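Visitor: I'm new to this one. Could you walk me through how to read its packing?

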Amino acid sequence: MQQRIIYLMRFHWLLPSIKGIPVLMYHRVWPGLNDGLTVTPEKLREQWSFLRKEGYHTLSLTDFLEIAEGRKTAPEKAMLLTFDDGYRNNLTYVYPLLKEFGWCATMFIITDTLDGTAQSETEALNEKLTVEELRSFDPAVMQLALHGHHHENFSNTPLKKLKEIMLQSAAVFDAAELPFHKVLAYPYGARPKETAQFDELKRWLKQEGYPAAFRIGGQVAKMPAPDMYEIRRIDIRGTDSMEDFRIKLKKGKLKPF
């Protein structure tokens, strides 16, 4: 651990600082577990307490998109908090902390968990929120958006199928009478590999009223966004130390190479 910190202190300065808004990407929150997808409640509180002390504040998804489109000026120390997949533990550990801090976040939902077609989870760690639980969120605190229907990999799925997935995801929300934003976080952060197919998907998304989509990318999101369908997020992992977290907040990733 000490050698890792020394390495980062030596080399992270080689990464450029990017002016923009950090979009932090989380997944699960669970006691006693820090791994690639999971942070403990204690670590989450430590990270957010640091952010609050540094003067950071959250944006709603609506405000973020207006800034990304160039219709609003980005305020100082603004950030967007995002949570992928719709884990029940987010209701248990994240939602109360958001209310305590007076913050808001966006949750990207896999919609097969809402219409009954998802396979049942055998571990409490991976249980997903129900329609009723999602309905219990104050929309001023937790906004909902899309993350595929079966968490499909968009990089190897035909364009026709991708369109069907998006239409199906929106239809599930509508059928459940759940308010949501027509905004996508690509499952796995994956986009179509072929440029022509990706360009056509972007055109279709815009035509269908989807103003934006999020990837991963390990960078602070530039504002205004160069491409509304490739907004970058910063992957926050349970294995990150606080030093790692501070570096990611400014630089987006830990290693320059």
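Visitor: Which residues does F64 touch, not counting those up to four places away in sequence?

Guide: Contact means heavy atoms within 4.5 Å. By that rule F64 touches I21, V23, L59, L80, F214, A221, M223 and I231. This is a predicted model, where local features need pLDDT of at least 70, side-chain atom pairs count only at pLDDT 80 or more, and totals for chains, interfaces and linings use all residues. Residues are numbered from 1 along each chain as its sequence is written, and side-chain values use heavy atoms, leaving out hydrogens and water.

Visitor: How do I read a pair of aromatic rings?

Guide: You describe the pair by the distance of the centres and the angle of the planes. Rings of Phe, Tyr and Trp (its six-membered ring) pair if their centres lie within 6.5 Å; planes under 30 degrees apart count as stacked, over 60 as edge-to-face and the rest as tilted. There are 14 aromatic pairs here. In one of them, the W48 and F83 rings have centres 6.4 Å apart and planes at 75 degrees, so the pair is edge-to-face.

Visitor: And W204 with Y210: what are the distance and angle there?

Guide: That pair is stacked, at 6.3 Å centre to centre with 20 degrees between the planes. The charged end of K182 also sits over the ring of Y210, 4.6 Å from its centre. For a charge to sit over a ring, NZ of Lys or CZ of Arg must be within 6 Å of the ring centre and within 35 degrees of the ring normal.
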